[in-house]
Amino acid sequence: MSAPELVGGSAADRERIAHELVTVTIDGRQVQVPKGTGLVEAAAAAGVEIPVFCYEPRVGAGIGACRMCLVEIEGMPKLQTGCTTPVTDGMVVHTAGTSEQAAAGQSATMEFLLLNHPLDCPVCDKGGECALQDLSFRYGSGKTRMTFRKRSLEKPIPISPTIALDRERCIMCFRCTRFSQEVAQDEELSAVNRGALSMIATFEDEPYRGPFSGNVTELCPVGALTSTQYRFKARPWEYEQAASVCGLCPVGCNVAVQSREGRVQRVLSRNHPEVDRGWLCDKGRFSYSHLYSEERILTPRRRGVRELEELGWEQALDELEGMIERAQGEVVLALSGSETLELAYALAKIVRQGAGSDRVVLPEQAADALDPFRVPISALAEAEEIVVFEECPVLDRAPLIELWLKQARRNGAHVTRIGPSGDIQRGRGEAALACQELAEKESALGKRLRAAERAILLWSGGGGAGGCHLAALAHALGLHEKEGSGALLLPASPNARGVAEAWAAAGDENRQPRQIGLLVVSGDEAASEPQVRQLAEHARATVALTLFAGDSGEWADLVLPATGYLERSGTMRNLEGRLQRLRGATGSPARRELSWLAELAGRLGVDLPGSEAALFTELSAKVLDGISLASLGDRAPLPPRVEAQTFEAARAESPPTLLGGPLELIRYRALFSGPEVEHVPELSFQRPAAEVEISPEDADRRGISGGNEVVVRSNGTRVTLRARINAALLPGMVRVAAEHCAELARGVEVSRP
Ligand code: SF4
Ligand code: SF4
Ligand code: FES
């Protein structure tokens, strides 16, 4: 049985307490549990239910707000709340099942909770999965003694474009406010007023903007906080549910994809305690409706005289076959890192075995050098020392990691960020140097890292060799010998390592064609890469697999509709190296890639299995030690660490000279960007502002104040943006979201227009 989260104290204290056992009797059943266990958990271990509303261990210890968990404890004069009572040795407890006093208390609580509740279950989106509905059926009286008119309030109030609040239904359990204050630490939700007038509100009625806000719709035990996208769409019992994995970043949160009549209606968390703890970011939760955007490409298109023209699949495959033939082996495949292993493997087989080419453009890699230092993401919560080499904001690369870092801090960890706006300020390209210094020189941080029993290093952007630099430091610190210590790299794409493995499984040579006869671009992320765009300029022909012919629509000769990650089945390897299963939601408006790739393979004489399972078996035999799909289960295990080797530390290179201007431009891909967000109107308020972050020193020198319109220019290119003064930013650097600085070079100048 699991003990509740013990907040505060050192990890060693928590471990010691968990090992002392106490005996408690609940409704006549005796059970032994670790000291410090809460009564609700102890009762569950004894097979007794204590009903709760406000209690949710993931948002902190019990607060006794709703009184639903009242129990009688022998020796105590009054009823006690189970959620705030840790068990002690010899405690004898009677729940409502065996105590008249507890039953009367619970029934009175239920009556109070329903006093002003509108009882509008037939039209409430929570109906069918509501704790209040369920518990009032089981513990409520079935009739009301209230004859007065109930309080009515304005409803629903949009607290953001994605979340609606219906205050009449709220039972003031404070789960949402505790999430906002304790877990996400955005401080945007709070309770205002007192007594019967208490209500949930956002700070100064501003929209709830936190990137994890959607979690409150799942936490709310009643229908008070609901998703605006989901309201009045369907009932919980009408759904088909697929146990899948989010494919939008390298965390790989476990999700339940619920669809009705072939259309995804919502994405919920599916708690993998080592990966996501049941939280999702708002991009993963709310972006599913991009699949039904009218701009999505559903039929193949070919470049006509003036624009892209639709054509049937038969013709499209004729066209593609012809392109491959004419390229005579000079084919380049550009992968995004958002493909499943199976899809990447199928594409690799077509290119390597069907087109006779061996050239690939892979996304920035997560190196296998870190395999000896592998730790589950959840180890962050227990770490004493965490160092984040943060050239790209962790939140934008792997949002859930930011929540784990907050939890680590709550549990007492030191978190040190090293980067352009970190606690230790270092410029671009200097993360490797900082690693080297920590490994070789004595410093206060280095001493703490060596002394810590649990230390974790994180690398968030800053060059392709990040894994090697981090591995060298982790090795120097001896992290491979300490359980709970380790190193994790946050790659820029969800399945960077998986697609490289899939490519390797389809052949082992690497020949560079002199020219590019055909460029095959898989996915919108690859299409937006400057390197891929350059290749497209030199290629005689280009084919793009895309959801929206955004970037590639401008230059591809043939555009083939792709499916989204929620529609795909297969596997992906996340940033820990955990291989997880995606299970596609039922139905997709686009033809599945594997269906037409199998047809194309047949024409090219390539032996390509037509199902994901068969593809997995084939590639597993080649590069995954023959593991089976079944062994991954619904919540995939973390592969064991591999033996540590001696590392030849990669020397840190000095950053190249800036061309174009004296300020260094840091371009980052913001969390709320990309086609999955651009085609969801409810998320548009979260998209990155057209602004440039600049240090106060650089702003002063140029006479710039916060909010000023400024021109950012380099090598003859210029963009107009708004200035935001960032006091944490290292002088000499400016930061702009990638979608607002596509054409700018690395060195820029910023001035008033
Ligand atoms: S809105 Fe929901 S989660 Fe928040 S206090 Fe009310 S009932 Fe609880
Ligand atoms: S943190 Fe990453 S994997 Fe998790 S929901 Fe967000 S985008 Fe998806
Ligand atoms: S669950 Fe114990 S008071 Fe709410």
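**Figure 1. Helix H8 passes helix H18 in a right-handed crossing.** This close-up comes from a predicted model. Helix H8 covers residues 313-327, and helix H18 covers residues 593-604. The two helices pack at an angle of about 50°. Their axes are 11 Å apart. That angle makes H8 oblique to H18. From H8, the contact takes in Trp 313, Leu 317, Leu 320, Glu 321 and Ile 324. From H18, the partners are Trp 596, Glu 599, Leu 600, Arg 603 and Leu 604. Sorted by class, the residues of this contact are 7 nonpolar, no polar and 3 charged.

**Figure 2. Helix H9 meets helix H15.** H9 is made of residues 341-354, and H15 of residues 496-505. Their axes come within 8 Å. They cross at roughly 35°. The crossing of H9 with H15 is right-handed. H9 brings Leu 341, Ala 344, Tyr 345 and Ala 348 to the contact. H15 brings Gly 498, Val 499, Glu 501, Ala 502, Trp 503 and Ala 505. The residues of the contact of H9 with H15 divide into 8 nonpolar, 1 polar and 1 charged.

**Figure 3. Helix H12 lies roughly parallel to helix H14.** H12 runs over residues 431-440, and H14 over residues 466-476. The two axes come within 9 Å and cross at roughly 15°. An angle under 35 degrees counts as roughly parallel, so H12 is given that label relative to H14. The crossing of H12 and H14 is left-handed. On the H12 side, the contact is made by Ala 432, Cys 435, Leu 438 and Ala 439. On the H14 side, it is made by His 469, Leu 470, Ala 472, Leu 473 and Ala 476. By class, this contact has 8 nonpolar, 1 polar and no charged residues.

**Figure 4. Residues around ligand 1.** The shell holds 13 residues. Those that come nearest to ligand 1 are Cys 170, Cys 173, Cys 176, Cys 220 and Ala 224. By class, the shell around ligand 1 has 12 nonpolar, no polar and 1 charged residues.

**Figure 5. Residues around ligand 2.** Helix H7 (282-286) supplies at least two residues of the shell, and so does helix H11 (399-410). The shell around ligand 2 divides into 9 nonpolar, 2 polar and 1 charged residues.

**Figure 6. Backbone details at Pro 156 and Leu 119.** Most residues other than glycine have a negative phi, and most peptide bonds are trans. The peptide bond from Lys 155 to Pro 156 is cis. Its omega is near -20°. Pro 156 sits in the loop between helix H4 (131-139) and strand E6 (157-160). Leu 119 has a positive phi, near 50°. Leu 119 is placed in the loop between helix H3 (100-113) and H4.

**Figure 7. The protein is divided into domains.** Domain 1 takes residues 11-113, and domain 2 takes 150-291. Domain 3 is made of 301-363 + 495-632. Domain 4 spans 368-489, and domain 5 spans 663-751. The C-alpha centres of domain 1 and domain 4 lie 39 Å apart.

How values were computed:
Residues are numbered from 1 along each chain as its sequence is written. Chains are lettered from A and ligands numbered from 1 in the order in which they are written. This is a predicted model: local features need pLDDT of at least 70, side-chain atom pairs count only at pLDDT 80 or more; totals for chains, interfaces and linings use all residues. Axes are lines fitted to C-alpha atoms, for helices over the stretch in contact, and angles run from 0 to 180 degrees between N-to-C directions. Helices (H or I, at least four residues) and strands (E, at least two) are DSSP runs, numbered from the N terminus. Angles under 35 degrees count as roughly parallel, over 145 as roughly antiparallel, 65 to 115 as roughly perpendicular and the rest as oblique. A crossing is left-handed if the near helix is turned anticlockwise from the far one by less than a right angle, and right-handed if clockwise. Two residues are in contact if their C-beta atoms, placed from the backbone, lie within 7 Å. Ala, Val, Leu, Ile, Met, Phe, Trp, Tyr, Cys and Pro count as nonpolar, Asp, Glu, Lys and Arg as charged, and the others, Gly among them, as polar. A residue is near a molecule or strand if its C-beta atom, placed from the backbone, lies within 6 Å of it. Domain bounds come from an automatic or database domain assignment.
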